[in-house]
Amino acid sequence: MGVSRGGFSSRFGFIMAAAGSAVGLGNIWGFPTQTASNGGAAFVLVYLVLAFCLAYPAFMAELLIGRYGQANAVTSMQKMSRNLWQKRFAFVIGFGGIICAALILSFYGILAGWMMAYAIEPISKLLGFQQAASWLTVQSVPRDLIFSALFMMLTIGIIRRGVEQGIEKWSKRLMPMLIGLLILLIIYVFTLDGAREGFNAYLNPDFSRVLEPDLLISALGQAFFSLSLGTSVMIIYGSYIAKKENLVTLAAQVTLIDVSIAFLAGLLIIPAMYVAQAQGVAIFAEDGSLISGPNLVFDVLPSLFAGMGDIGVFVAFAFFVLMSIAALTSSISMLEGPVSFVVERHNIERKKATTVIGISILLLSAIIVVNFDLLFGLVINVSTVYGQPIIAMLCCIFVGWIWYRNEILAEIKQGNEDVEHSFFWKIWPWYTKFVCPTAIGLVFWHSL
Ligand code: PHE
């Protein structure tokens with residue numbers, strides 16, 4: 001099976017693919033927004049601590065499961081099971097993650113469709129198609145259906161090509177573009193009036209808020225969403241990594257890229273808001289907090305771009321292309337979870353499985369679009385607020401309590417002989433067994 005199921009051809013390919021999954025709307029939109037509404041740099045600090053102390057070890061657990069099992073999430077976890085009950089438990093966790101990925105993709109595709117519509121808008125304005133331009137920026141069922149479908153076609157197109165020619169090749173192309181665009185935009189915004197005030201607001205911590213339960217919960221949720229945990233995605237990506245690679249450092253590199261891009265996105269978005277304010281755009285909500293959520297991305301920033309004159313067209317285009325790319329490298333990972341399951345468990349050909357599953361998820365998006373007020377928030381809550389932390393916690397429990405310690409250690413040692421002498425080697429199995437589930441459980445309990 002090993003050869004025929006394919007895998008990443010290089011270390012760089014894996015890093016780009018996993019960072020591509022991790023870096024998405026969660027980093028460029030979610031993180032700056034949460035930071036703005038949770039006391040600026042205090043949130044950033046808490047986020048950093050949680051990302052490295054809780055999300056990173058949980059991320060390692062998922063990668064290890066996949067690399068050990070060399071298969072989709074369910075099969076991999078079942079290979080670690082020793083009796084029927086454990087196999088059933090493995091099925092629940094693995095399949096739960098796959099469903100979670102499908103649910104996330106169903107709303108993520110709608111958001112990504114908005115980004116694409118907003119990317120085309122400035123171009124159609126430039127070409128003189130005023131009516132088309134205003135249609136593109138007003139939420140409507142036809143617009144949302146068309147653009148979610150377009151986005152899903154792109155996602156399906158990449159996943160049909162498989163791991164190396166699809167996921168890896170496209171992540172290697174798109175991720176450097178994303179980083180380049182992000183840096184250019186930051187430099188440009190930095191030259192505008194008002195940006196400095198934004199930097200100060202972003203980088204001055206309000207330490208009094210560091211231990212607020214709301215802040216902790218948001219930071220943990222953000223860290224798990226951002227590393228794509230609890231969705232079977234990192235298990236399947238782990239299964240495509242060669243045995244000779246060192247998982248401990250690979251996972252650390254991906255976490256570092258993910259956190260850095262979130263931090264950079266904050267350097268773009270928050271100063272941009274203050275530049276908008278300098279131009280007369282309202283950036284504070286009635287309660288005095290910074291505007292966040294959809295209003296930030298679809299009102300405040302477009303008003304800012306519109307106020308920039310001719311260059312604003314290109315800046316707006318670049319910004320929404322950046323968002324669309326970030327979304328695409330994440331959405332392909334969400335589709336790979338369910339596709340790999342169906343291909344490996346039911347022996348269905350990859351191209352066929354991809355198209356059928358992609359279209360089914362698109363139908364779900366269509367149902368959400370038509371019942372937007374009822375379903376959009378609900379699906380986000382079920383999948384990201386509850387689903388992801390619970391499943392990620394169960395993965396840690398599975399690794400810590402069901403897998404044999406010597407097998408875990410043997411898997412970590414593959415590609416990493418020296419690990420035996422490191423601090424990590426000594427504490428990680430214990431840490432995953434006790435600390436991760438307890439901490440995730442506590443934060444989660446608190447949020448209820
Ligand atoms: N990590 C992605 C982001 O930050 C979202 C994601 C969640 C991707 C779950 C895959 C699985 O936007």
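Helix H5 (residues 84-126) and helix H7 (residues 141-160) cross at roughly 100°, their axes coming within 8 Å. Helices here are DSSP runs of H or I with at least four residues (strands: E, at least two), numbered from the N terminus. The axes are lines fitted to C-alpha atoms, for helices over the stretch in contact, with angles running from 0 to 180 degrees between N-to-C directions. H5 and H7 are therefore roughly perpendicular to each other, on a scale where under 35 degrees is roughly parallel, over 145 roughly antiparallel, 65 to 115 roughly perpendicular and the rest oblique. On the H5 side, the contact uses Gly109, Ile110, Ala112, Gly113, Trp114, Met116 and Ala117; H7 brings in Arg143, Asp144, Phe147, Ser148, Leu150, Phe151 and Met152. Contact means C-beta atoms, placed from the backbone, within 7 Å. By type, these residues split into nine nonpolar, three polar and two charged (nonpolar: Ala, Val, Leu, Ile, Met, Phe, Trp, Tyr, Cys and Pro; charged: Asp, Glu, Lys and Arg; polar: the others, Gly among them).

All of this comes from a predicted model, where local features need pLDDT of at least 70 and side-chain atom pairs count only at pLDDT 80 or more, while totals for chains, interfaces and linings use all residues. Residue numbers start from 1 along each chain as its sequence is written.

Zooming out, the chain has 18 helices and zero strands. Its radius of gyration is 21 Å, close to the 22 Å that the globule rule gives for 448 residues, so the chain is as compact as a globular protein of that length. That radius is taken over C-alpha atoms, and the rule is 2.2 Å times the number of residues to the power 0.38. Along the principal axes, the C-alpha atoms fill a box of roughly 65 × 50 × 40 Å. Of the contacts with a separation of 6 or more, 84% link residues 24 or more positions apart.

As for burial, 52% of the 448 residues count as buried (20 or more other C-beta atoms within 10 Å of the residue's own; 12 or fewer is exposed, and in between is partly exposed).

Key: Contact = placed C-beta atoms within 7 Å.
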